Amino acid sequence: KRYRYYTCTNAIKRGRAACPSQSLPAAEIERAVVDQLRCIGQDTEVLRETLTQARRQVKSAIERLTGERREIERALARTHADIRRTAAARNGTTATAPRLAELNDRVRDAERHVEEIDAKLSELRAELVDEADVTAAFADFDNVWKALSPREQARILRLLVHRVDFDAADSSIEVSFYP
């Protein structure tokens, strides 16, 4: 069986005698941190800010993709114009056929890219969350947390938790979050 513990920083740097407490069981500390995280979801200001940030990120991605799509459509219009000019110039040279083939390949690639962008835009628009979505996710914190893989849970904790301090004098844990 494997046991995980958190050890006092002083014990690591200066030896065990420099630390006022023994090592702490990792599962209990981690449970306390997740409990603090669960409490954050009950703060209406945090919920509101979460919603604002989530919507801002999705809208930014939508704007970026929409701009990219416009650029591709402009390039596509230029390529179609090149096709018309090349076909109209039919001066009997053998260079016309390869040029038309190249332009048609460019059109095909651009149209495929537009389709990919449209699919991403549809996904992003479906991801736009509203207040009810955020409230429901925080209200069902335990099921959402359990549905995440350990790697996803660890990533969320790394993004949110700045520091965890244990006070041996009163056996309390203080969790500091990033702003």
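In strand β4, Ser176 is the bridge partner of Arg163. This pairing is found in a predicted model. Strand β4 covers residues 172-177, runs antiparallel to β3, and is joined to β3 by six bridges. The two strands form a hairpin with four residues between them. Within the turn, Ser171 has a positive phi of about 50 degrees.

Strand β3 spans residues 161-167 and also supplies at least two residues to the lining of the second largest pocket.

## The largest pocket

The largest pocket has a volume of about 1,000 Å³. Its lining consists of 26 residues, of which Thr50, Val134, Phe138, Ile156 and Leu160 are the closest to the centre. Two or more lining residues come from each of the helices α2 (26-40), α3 (44-88), α5 (131-139), α6 (141-147) and α7 (150-160).

Helix α3 gives the largest share of this lining, with eight residues. By residue class, the lining divides into 19 nonpolar, three polar and four charged residues.

## The second largest pocket

The second largest pocket holds about 790 Å³ of space. It is lined by 33 residues, and those closest to its centre are Tyr6, Ile29, Val33, Val164 and Asp165. The elements α1 (9-14), α2, α6, α7 and β3 each supply at least two residues of the lining. The lining of this pocket comprises 16 nonpolar, seven polar and ten charged residues.

The structure holds 15 salt bridges. One of them pairs Arg38 with Asp142, with the closest N and O atoms 2.6 Å apart. Arg38 belongs to helix α2 and Asp142 to helix α6, so this pair ties together parts that are 104 residues apart in sequence. Arg38 is partly exposed, at 27% relative accessibility, and Asp142 is likewise partly exposed, with a relative accessible area of 36%.

Glu68, in contrast, is partly exposed at 29%.

Arg108 forms a salt bridge with Asp109, the closest N and O atoms being 3.5 Å apart. Both residues are partly exposed: the relative accessibility is 40% for Arg108 and 39% for Asp109. Elsewhere, salt bridges that share partners join Asp82, Arg85, Arg99, Glu102 and Arg106 into one network.

Asp82, a member of this network, lies in helix α3. Its relative accessible area is 19%, and Asp82 is therefore classed as buried, since the cut-off is under 20%. With neighbours within four places in sequence left aside, Asp82 is in contact with Arg99 and Leu103.

Notes:
Residues are numbered from 1 along each chain as its sequence is written. This is a predicted model: local features need pLDDT of at least 70, side-chain atom pairs count only at pLDDT 80 or more; totals for chains, interfaces and linings use all residues. Side-chain values use heavy atoms; hydrogens and water are left out. On a 1 Å grid over the protein atoms alone, a cavity is a set of points where a 1.4 Å probe fits but cannot get out, and a pocket is an open set with protein on both sides within 12 Å along at least five of seven lines; lining residues have an atom within 4 Å of a point. Grid points are joined across faces, edges and corners, and a volume is the space filled by probe spheres set on the points. Ala, Val, Leu, Ile, Met, Phe, Trp, Tyr, Cys and Pro count as nonpolar, Asp, Glu, Lys and Arg as charged, and the others, Gly among them, as polar. Buried means under 20% relative accessible area, exposed over 50%, partly exposed in between (1.4 Å probe, protein chains only). Contact means heavy atoms within 4.5 Å. Two strands pair if DSSP finds at least two bridges between them. A salt bridge is a side-chain nitrogen of Lys or Arg within 4 Å of a carboxyl oxygen of Asp or Glu.
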